[in-house]
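Me: Hi! I'd like to walk through this model with you, one topic at a time. Shall we open it up?

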Amino acid sequence: MKLQIRNLNAHQLYERFDIEIPSDDSSDLKICYVDFEFEEKPEYNITAKFLLNQNNLKLDDFNFVYFKNIDLIFFRFIYQWGIIDLKNRRLKRNIIDYSLDFPFFYSHENCILIVDDLFAETITFDGETIDTILNEQPHEIIEFENYFEFDIIGVEKRKLMKTLQET
């Protein structure tokens, strides 16, 4: 995936985009356009318009994560993260939260693990939630066949499922 990022000021506008990512209702929103280009799948090329709250000065490559075998782009900013569904060309999730750190996204054999300082979550390769738990710092993560165990040091152990439970 190649990125072209245009961090603009309030007086500059670029009208061609495929999807808009809103932010909170901050009074000082910034606008950023990102072109996502996929040499191996040009039908997934997309331009996203991001409305950023005043805590985000500009975007760069660190703000985006793409796993080649999954048709999702993960984005992360200060107080916000989400998922863009490339196949359906839509915003899959847009989460406004007030954690102190960016979430991190990890690809595993049968799920994506998302971890930040407030929560941990597993999702399918289609972006659907499998399981969510509260997270605290410091913690250690131990991986088992069907779940992750979060050892919240000095507090407790929490189990996060890797696959959907059969009913």
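Me: Let's jump in with Arg 89: where is it found?

Reply: Arg 89 sits in the loop between S7 and strand S8 (90-96). Strands here are DSSP runs (E, at least two residues; helices are H or I, at least four), numbered from the N terminus. Before we go on, this is a predicted model: local features need pLDDT of at least 70, side-chain atom pairs count only at pLDDT 80 or more, and totals for chains, interfaces and linings use all residues. Residues are numbered from 1 along each chain as its sequence is written, and side-chain values use heavy atoms, with hydrogens and water left out.

Me: Good to know. What is phi of Arg 89 near?

Reply: Phi of Arg 89 is near 50 degrees, a positive value in a residue other than glycine. Arg 89 counts as partly exposed, at 33% relative accessibility. For the cut-offs, buried means under 20% relative accessible area, exposed means over 50%, and partly exposed is in between (1.4 Å probe, protein chains only).

Me: And Tyr 79, what's its phi near?

Reply: Tyr 79 has phi near 70 degrees, again positive in a residue other than glycine. Tyr 79 lies in the loop between strand S6 (72-77) and strand S7 (80-85), and at 26% relative accessibility it counts as partly exposed.

Me: While we're on backbone details, which peptide bond is cis?

Reply: The bond from Gln 137 to Pro 138 is cis, with omega near -10 degrees. Pro 138 is in the loop between S12 and S13.

Me: New topic, sheets. In what order do the four strands of the open sheet run?

Reply: The order is S9-S10-S11-S12, and the pairing is antiparallel. Two strands pair if DSSP finds at least two bridges between them. At the edges are strand S9 (104-107) and strand S12 (129-134), each pairing on one side only. From one strand to the next the twist averages 15 degrees; axes are lines fitted to C-alpha atoms (for helices over the stretch in contact), and angles run from 0 to 180 degrees between N-to-C directions.

Me: How many bridges join S9 to S10?

Reply: Four bridges, with the two strands running antiparallel. S9 and S10 form a hairpin with four residues between them, and Phe 104 stands opposite Val 115 in S10.

Me: What about S10 and S11, how many residues are between them in the hairpin?

Reply: Three residues lie between S10 and S11 in that hairpin. Strand S10 (residues 112-115) is joined to strand S11 (residues 119-123) by four bridges, antiparallel. On the S11 side, Ala 120 is opposite Val 115, and Thr 122 is opposite Leu 113.

Me: Are the S10 side chains buried or exposed?

Reply: Buried: Ile 112 and Ile 114 on one side, Leu 113 and Val 115 on the other, so both faces of S10 are covered. In a regular strand the side chains alternate between the two faces of the sheet.

Me: Then which strands make up the open sheet of three?

Reply: That sheet has the order S13-S14-S15, with antiparallel pairing. Strand S13 (139-143) and strand S15 (156-161) each have a single partner strand, so one side of each is left without a neighbour in the sheet. Neighbouring strands are turned by 25 degrees against each other on average, direction ignored. S13 pairs with strand S14 (residues 147-152) over five bridges, and Glu 143 has Phe 148 in S14 as its bridge partner.

Me: Switching to the core: how many residues does the largest nonpolar core have?

Reply: It has 19 residues, and those with the most contacts inside it are Phe 36, Phe 50, Leu 59, Phe 64, Ile 73 and Ile 84. A nonpolar core is a set of buried Ala, Val, Leu, Ile, Met, Phe, Trp, Tyr and Cys residues joined through side-chain atoms within 4.5 Å. Strand S2 (19-21), strand S3 (30-37), strand S4 (46-52), strand S5 (64-66) and S6 each give two or more residues to this core. S4 gives the most, with four residues.

Me: What is Ile 73 in contact with?

Reply: Leaving aside neighbours within four places in sequence, the contacts of Ile 73 include Met 1, Phe 36, Phe 38, Phe 64, Ile 84 and Leu 86. Contact means heavy atoms within 4.5 Å.
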